[in-house]
Amino acid sequence: MLDLVIIGAGQAGLAAGRRAKAKGLEFEIVEAASQAGGSWPCYYDSLTLFSPARYSRLPDLEFPGDPERYPKRDEVVGYMRDYARHFDLPILVDFQVTRVEALARSSGYAVTAKDGRQREGRAVLVASGGFGTPKTPRIDGEDAFQGQRLHSRDYRRPEPYAGQRVVVVGAGNSAVQIAVELAKVAKVSLATRGPVKLVPQRLLGKDIHFWLKWTGLDNVSLPGDPTAPVVDDGRYRRALRSGQPDQRPMFSRFTTSGVIWTDGVEEPVDAVIFATGFSPTLDFLQGTGALDARGWPIHRRGVSLPCPGLFFVGLPWQKDLSSATIRGAARDSKFIQQAVDQWLARRAAE
């Protein structure tokens, strides 16, 4: 039996794997995809981090290149795969977890894949992150809409939408990035239920992440699940002010050919893209008692409360604003590794 089974080889799983290897644990990372990288390869082509490279690193390995630059999606994917190779992390790929079960006498957990393969560990660390399942609101008339309705996870590049009428739904970083990009080739509206909250990328010559770290605000826990503001170097504010894209209150319903806006005006629309976030995919924990009625883990800073020996890294707001980011996973994995060590020590002493 392994000391630890880590589920997921994205940013959280790789950070946790590095910590486990440094501690000399017998462990394995199981990953549903064919390579490490988590959700990053699935994002749109132009995605750019809003944190500089110096704040976007995993434990013990710097992000290559200029530390002040803002890496793009493919750079992040490359860094993660290089990270796995650099530390020779034991990753079992194409292992889609369908079930986690507690073993008899609390001796650990069995992790089972869709193809029947199984790994057993004295502890299990769920590092599949918070971006597994797209969140899309239910809206009247959506089943009758004959245009294209998709989530930001399915969007890749603007060229297929050239000359079309497009509505992007959402007020976060991805929604604004996609809407501004599309507005260069299409007529685009950004539909939101509230104002877009923009914060400057740099203050007094320093990136905002410098100030968040310097003031300690990056590590402040807040109640609930607040929406993160859009980090802007000025381009998004200029684009919204110029009406490219224009910003409107969320439409009230779909029609067969478009949408009806809150003022009652019906407009034909070719495509609606929901950049409305994600939720963790944790169906494999059903039946363990680890989840609440919403399907959310019952935990304190990533330590499961109902299931001893079960841990999490990479959940949105697991500890604070940055928990679901690369830098947050690197930091939270240190705390969780300490909790794993304590659990294994107790088990060994019994």
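## Parallel sheet

Five strands, in the order β8-β19-β9-β10-β15, make up an open sheet with parallel pairing. Strands here are DSSP runs of E with at least two residues, and helices are runs of H or I with at least four, numbered from the N terminus; two strands pair if DSSP finds at least two bridges between them. The edges are formed by β8 (148–151) and β15 (246–249), each of which pairs on one side only. From one strand to the next, the twist averages 25°.

The model is predicted, with local features requiring pLDDT of at least 70 and side-chain atom pairs counted only at pLDDT 80 or more, whereas totals for chains, interfaces and linings use all residues. Residues are numbered from 1 along each chain as its sequence is written, and side-chain values use heavy atoms, with hydrogens and water left out.

Strand β9 (residues 165–169) runs parallel to strand β10 (residues 187–192), and five bridges join them. Within this pairing, Val 166 stands opposite Val 188 of β10.

Helix α3 (residues 173–182) packs on the sheet and touches β9, β10 and β19 (271–274); contact means heavy atoms within 4.5 Å. The direction of α3 makes about 165° with that of β9. Such angles run from 0 to 180 degrees between N-to-C directions, with axes fitted to C-alpha atoms, for helices over the stretch in contact.

## Aromatic pairs

Rings of Phe, Tyr and Trp (its six-membered ring) pair if their centres lie within 6.5 Å; planes under 30 degrees apart count as stacked, over 60 as edge-to-face and the rest as tilted. By this rule there are eleven aromatic pairs. Trp 40 and Tyr 43 make an edge-to-face pair, 5.4 Å centre to centre with 80° between the planes. Both Trp 40 and Tyr 43 are buried, that is, under 20% relative accessible area with a 1.4 Å probe and protein chains only. Together with Phe 131 and Phe 278, Trp 40 and Tyr 43 form one aromatic cluster.

Phe 251 and Trp 261 are also paired edge-to-face, at 6.0 Å centre to centre and 90° between the planes. Phe 251 lies in the loop between β15 and β16 (253–254) and Trp 261 in the loop between β17 (258–260) and β18 (266–268), so this pair ties together parts ten residues apart in sequence. Phe 251 is buried, at 3% relative accessible area, and Trp 261 is buried at 4%.

## Charges over rings

A charge sits over a ring if NZ of Lys or CZ of Arg is within 6 Å of the ring centre and within 35 degrees of the ring normal. The charged end of Arg 235 sits over the ring of Tyr 236, 5.9 Å from its centre. Arg 301 lies over the face of Phe 335, 3.9 Å from the ring centre.

Technical notes
Buried < 20%, exposed > 50% of the residue type's maximum accessible area, 1.4 Å probe, protein only.
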